[in-house]
Amino acid sequence: MNQRVVATINRKALLHNFAVAKTHAHGSKLVAVIKANAYGHGLLPVAETLQDADLFGVTDLAEAEILRAGGTDKDILILQGIIDRNEIARCARQGFQLVIHSPDQLHWLEAALDNISLPKPLVFWLKLDTGMHRLGIAPTDCNTICSKLLAKPWTKNVVLMTHLANASEPQSPLNAMQLQQFHTCINSHDKPPLAASIAASAALLALDCKSNWVRPGLMLYGSSPFVWRDIQRRREAFNLQAVMTLQARLIAIKDIAAGSSVGYNSQFISTTPMRIGIVSIGYADGYPSNTPNGAPVMVSGTRTITVGRVSMDMLAIDLTHIPQALVGDAVTLWGDEISLDEVAAHTGILSYNLTCSISARVAREYI
Ligand SMILES: Cc1ncc(COP(=O)(O)O)c(C=O)c1O
């Protein structure tokens, strides 16, 4: 390890987690959700690794085009749908599958596609708002919009989808309410049965909601979508492996007397003499600035904790019980031994957010 900060991405672990997701999918097709630069893991290398996915899910046209330009020939679903109606013809010509989440979008599609010819008809994912109240059409509009879409020569097929707000809290009554709304909608449709999609990682791992397509993201990267205090649902319980290992270097070591403060605003004050290590990672690399004292890290095979406020390019750790640690040693912020989910619990920042926030200046290495 030569660089100041390195995120090492383990392709074998990614493939392993993909296989775990396939097992839970029980034969359903799988959308590998690789949006947001594959949750910070790198869009193209992750796509290249997950060649057995049935479809890739990205955020927007820009990500879809990066994937295509990078050589992906697999089908691509744009999960946020159309942002600007001027994008529609460009999406359609490239055969991208689009989420439709509002009645207006049907009118935009008609205006853009009714008078052009396309190489191939398109697959649309009609998103129903069954209770999350984020994106999606009202279930009462489902039959009308679906029938109109299916009647278009530019439509090949429609998949009905919904997203669960509380799947990471399996006992939440909203899960059952959303599932019931969705199934009522599917069953009331008078056209031939349409494919359906409900589950992202949490529902795939903990709820009984089989459908034709599943859409895992987080679990592919080795994180559990459930709260850290739920020991039965940590990543080990699902046999998930860490994909990203984030490491920096020890760049200074110093002894401090009892009563000394460490870093900005004296966020940490020692009560005993201590040995402090300064580590070459800060919030400009994506390590959260609001981390309280005590976040777990690993040096020389030994766990220890952060002390003091995270600076832009550095943070401090307690080396008092690790006398063998030397300047130049690698410090692991998360990975196999330090779970990303534990860091998330300590910092109050979601695992999703932690990996997505790793900044562009951090080298990604793929093994
Ligand atoms: C519509 C949709 N499907 C699937 C996913 C993947 O979710 P997760 O990463 O929790 O598996 C997301 C993530 O935000 C999403 O918005």
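Histidine 26 sits out in the open, exposed at a relative accessible area of 58% (exposed means over 50% relative accessible area, buried under 20%, and partly exposed in between, with a 1.4 Å probe and protein chains only). This histidine 26 belongs to the loop between helix 1 (11–25) and strand 2 (29–33), where helices (H or I, at least four residues) and strands (E, at least two) are DSSP runs numbered from the N terminus. Its phi is near 45°, a positive value in a residue other than glycine. Alanine 38 also has a positive phi, near 50°, and again is a residue other than glycine. Alanine 38, though, is part of helix 2 (residues 35–39) and counts as buried, at 0% relative accessibility.

A word on the model itself: it is predicted, so local features need pLDDT of at least 70 and side-chain atom pairs count only at pLDDT 80 or more, while totals for chains, interfaces and linings use all residues. Residues are numbered from 1 along each chain as its sequence is written, and side-chain values use heavy atoms, with hydrogens and water left out.

Now for the overall picture. The protein has 11 helices and 18 strands, and its C-alpha trace spans about 75 × 45 × 35 Å along the principal axes. Of its 367 residues, 53% count as buried. Looking at contacts (heavy atoms within 4.5 Å) with a separation of 6 or more, residues 24 or more positions apart account for 64% of them. The accessible surface comes to about 15,900 Å², and carbon and sulfur atoms make up 51% of that; areas come from the Shrake-Rupley method with a 1.4 Å probe, and for residues only the protein chains shown count as cover. As for charge, the mean positions of the 31 positive and 30 negative charges are 1 Å apart. Here Lys and Arg count as positive and Asp and Glu as negative, with His and the chain ends not counted, and each charge is placed at NZ of Lys, CZ of Arg, CG of Asp or CD of Glu.

On to the cysteines. A disulfide is a covalent bond between the sulfur atoms of two cysteines; the working rule is a pair of cysteine sulfur atoms within 2.5 Å. By this rule the count is zero. Cysteine 185 is in no disulfide, the nearest cysteine sulfur being that of cysteine 142, 3.8 Å away. Cysteine 185 is buried, at 5% relative accessible area. For cysteine 91, the closest cysteine sulfur is in cysteine 146, and at 20 Å that is too far for a bond. Cysteine 91 is buried too, with a relative accessible area of 1%. Cysteine 146 is found in helix 7 (residues 142–150) and is buried, at 0%. From the C-alpha atom of cysteine 146 to that of isoleucine 231 is 42 Å, with the two residues 85 apart along the chain.

Strand 6 (residues 122–127) and strand 7 run parallel, joined by six bridges. Valine 123 has asparagine 157 in strand 7 as its bridge partner. Strand 7 (residues 155–161) is mostly covered, with five of its seven residues buried.

Further along, strand 14 (residues 296–299) pairs with strand 15 (residues 302–307) in the antiparallel sense, over four bridges. Valine 297 stands opposite threonine 304 in strand 15.

The buried residues of helix 10 pack against strand 14, strand 15, strand 17 (330–334) and helix 11 (351–356). Helix 10 is mostly covered, with six of its eight residues buried: Leu340, Asp341, Glu342, Val343, Ala344 and Thr347. Glutamate 342, in helix 10 (residues 340–347), is buried with a relative accessible area of 17%. Leaving aside residues up to four places away in sequence, glutamate 342 touches Trp228, Pro296 and Arg303.

How values were computed. Pairing = 2+ DSSP bridges.
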